[in-house]
Structure formats: structure tokens, C-alpha cells
2 protein chains.
Amino acid sequence: MKKVVPLQNLITQFERLPGIGHKSAQRLAFHVLSMTDTQIEDFTAAVREAHSKIHRCEKCCDLTDDVLCPVCDDPERDAGTICVVENSRDVMAFERTHEYNGVYHVLHGVISPLNGIGPEDLTVKELIARLSDTSVKEVIMATNPTAEGEATAVFLARLIKPLGIEVSRLAYGVPVGADLEYADEFTLLKAMEGRQKI
Amino acid sequence: MKKVVPLQNLITQFERLPGIGHKSAQRLAFHVLSMTDTQIEDFTAAVREAHSKIHRCEKCCDLTDDVLCPVCDDPERDAGTICVVENSRDVMAFERTHEYNGVYHVLHGVISPLNGIGPEDLTVKELIARLSDTSVKEVIMATNPTAEGEATAVFLARLIKPLGIEVSRLAYGVPVGADLEYADEFTLLKAMEGRQKI
């Protein structure tokens, strides 16, 4: 059977996106066909605009459409505390807490020798350059609690401590609202070790 | 915190697509940022092109970018057997069997009084018009085995039978490869009723 080329083409394009399988790609493609002209215009414009306008913040390497990202550009934020994260989604997660008032540094990955990713592929140089500012008091390592995130945090801590800046790591423990029964043993062990007086 | 507008905009656009929640929309948006200029060009062009070029086949109402869809346009297909389906995805599903050699008729929905969808909202008129062609021998009802799909099949069968055309319905039974233990009682009952000698 000959295929309807523009439709197959669109399905293929959706299939290339992360987490979209063949069935989802089909569903998305059929949805596109049912959209109005204006909706199509808005959608493609949003894709193009985000792609062309967004780049890294000069200071923290987070994504922004300006010279500085909204956090670095905010004089109310405490520039003396830098929270080091793997990617922009992590920044969004911390911002949703509405409590953290420091700034961020986005590594855009973790050190991963198996995948050939070394410190030079991350924004480590930019982080060290920021620390020459004497106002920086503390760097919080907020890489993911995985082997690679852990190794990256240790690597960076070794670089930063000699500069006389305090380095801390996110607390490990049982997630709020979770059921202890389903927590893995490492998490429980860490939660025990980090127990606090009440 | 101020937001990065083009990024938020893109996330919102992805969230409007079916089956895409906030987290998936974020992941897709960040993926878009990591795409090359050419990939963005190809993606947006595919969206626009599919949307502007695809319309209904003059005969079977399936989607096509031509006057007739590839199936109706194929002289090898048996135009005397029409398989009535709810939507284009169902056509694709039958085509994947590589066995069915008749043609299709796409209803673009099912009769659903609860949702205010009557026969006039479907391509029923177009189906009846096709049946004036004396070469049509059989109409196979391949709407989904749901209450609404069933009701639509019965409704159409009542319209078509008086024209002296054979009307059939897809067989019910246990899906190939399924575990009987998990089959619901209606399916098992239908499978019993429809049992065949071996």
C-alpha cells in the first residue's frame, strides 16, 4: 500500500521526540490534523521561537532568552549561595518550592566516563570562574543521588573546598509522603545515618 | 520568579497535545532546544504540510493528500467489499495485517447520543451514496467492540440490509496470544458462542 506521505512524515517527526512511541506519534499526528490554522501557527511559532531565542545565561548557564536568566537578574536573590544542578528542569523543581533564595549553576550534565563525558563537557570552568567573586559563601551540590551525580558532586567539592568556600550536599532520606515499606535499603540507611533530634 | 517566556510558551503548546502532561511537555520542550536548525525546519514543515495538505478521500473519507486515498486509488483492491471503521488509525491497523484486500469507509466517529453525535455528524450519507454502485457485495462493520461502536454497527446494518447488500460484523473472541485468565466474562462468553469446529 502506498502511504499518505505528509502524514507518515509527520508521524516520523513525532516518533523522533523523546518518550514518544509509534502509537503516541500517530495520535499526535491525527491531533495536528484536527487543529485550526491559528493553532498550527501558534504551535510552529512557539517551536521556532524557543529554539532561536533561548540560550545559556551568561552567569549560571541556565536557559534564558535574555543576557541573564530571571534568577541571576533578580537583585533580591542571594548571590552568595550557589546551588549546582544537572539541568534546567532541576532549577524549575527547586523554584517550585518557593523557598530557596540563592542562585543556581547549571552543569548541563554529569561526569560520566562511560558516556565519554568529562568535566570539560560541563560548565565546570564557568562555575570556578564565578567563585572568584568573594561574595560567594556556600556552594550546594544538588546533583542527582545517582552514582554519576554523586561522583560529580565529590569531584566539584574537591575543586571548590581549597578556595575556602563552604560546600554542602542535599540531605538523603525518605521522601515526604512515601511509604517506608517501599523505600530501598540504601535510602533507609542514609535516613538512619542522617537522623535528627526532635 | 519571572519565567523565560519562549520556553514556557513552548511547554504550554506541548501540554495542549493529547496524552502529554506537564513533565512530558517539559522534556519535549528541552529536547526542541537541543535540536539543530535543520531538524527544527523539518519538524515545523512536517506539521504545516500535513495540516495544509491532508483532507478526506472523496470516496472513503479516509485521510489523504490526493483526490483519492492510496487504497481507493489502487485498482487491485476489491471495491465490492467495504470495511466500515471509526477512524483512520483503524484503517492503518487493518492495513498492517497485509491480508484484507477490500476497501474502507471511515465514519470519523461513532453515534454517541451522550456526546451529541448523531449519524449526521458521521460520514453515513457518503457511505449510503457509495452503495448505489451495484458492484458492492458486502459491508463489514468494523467499529470498535464498545457499546457505541456496537450501536453504530446495528444502526448502519438496518440502513444497508434493505438495499440487498450483505452486512457482516467482525468476530468477537479471545485475542491471539492473550491469557484466558485475564479475559473478561463477556469476551469469554462471545468466544464460546462463536466457537468453531477444528
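1. In this predicted model, four bridges connect strand β3 (residues 78-85) of chain B with strand β5 (residues 138-141) of chain B, and the two run parallel. Strands are DSSP runs of E with at least two residues, and helices are runs of H or I with at least four, numbered from the N terminus. Two strands pair if DSSP finds at least two bridges between them. B:T81 stands opposite B:E138 in β5(B).

2. The open sheet of chain B has four strands in the order β4-β3-β5-β6, with parallel pairing. On average, neighbouring strands are turned by 25 degrees against each other, direction ignored.

3. Helix α4(B) packs on this sheet and touches β3 and β4 of chain B (contact means heavy atoms within 4.5 Å); the direction of α4(B) makes about 160 degrees with that of β4(B). Such angles run from 0 to 180 degrees between N-to-C directions, and axes are lines fitted to C-alpha atoms, for helices over the stretch in contact.

4. A:Q26, A:R27 and A:F30 of α2(A) meet B:S88, B:R89 and B:M92 of α4(B).

5. Local features need pLDDT of at least 70, and side-chain atom pairs count only at 80 or more, whereas totals for chains, interfaces and linings use all residues; side-chain values use heavy atoms, without hydrogens and water. Residues are numbered from 1 along each chain as its sequence is written, with chains lettered from A and ligands numbered from 1 in the order in which they are written.
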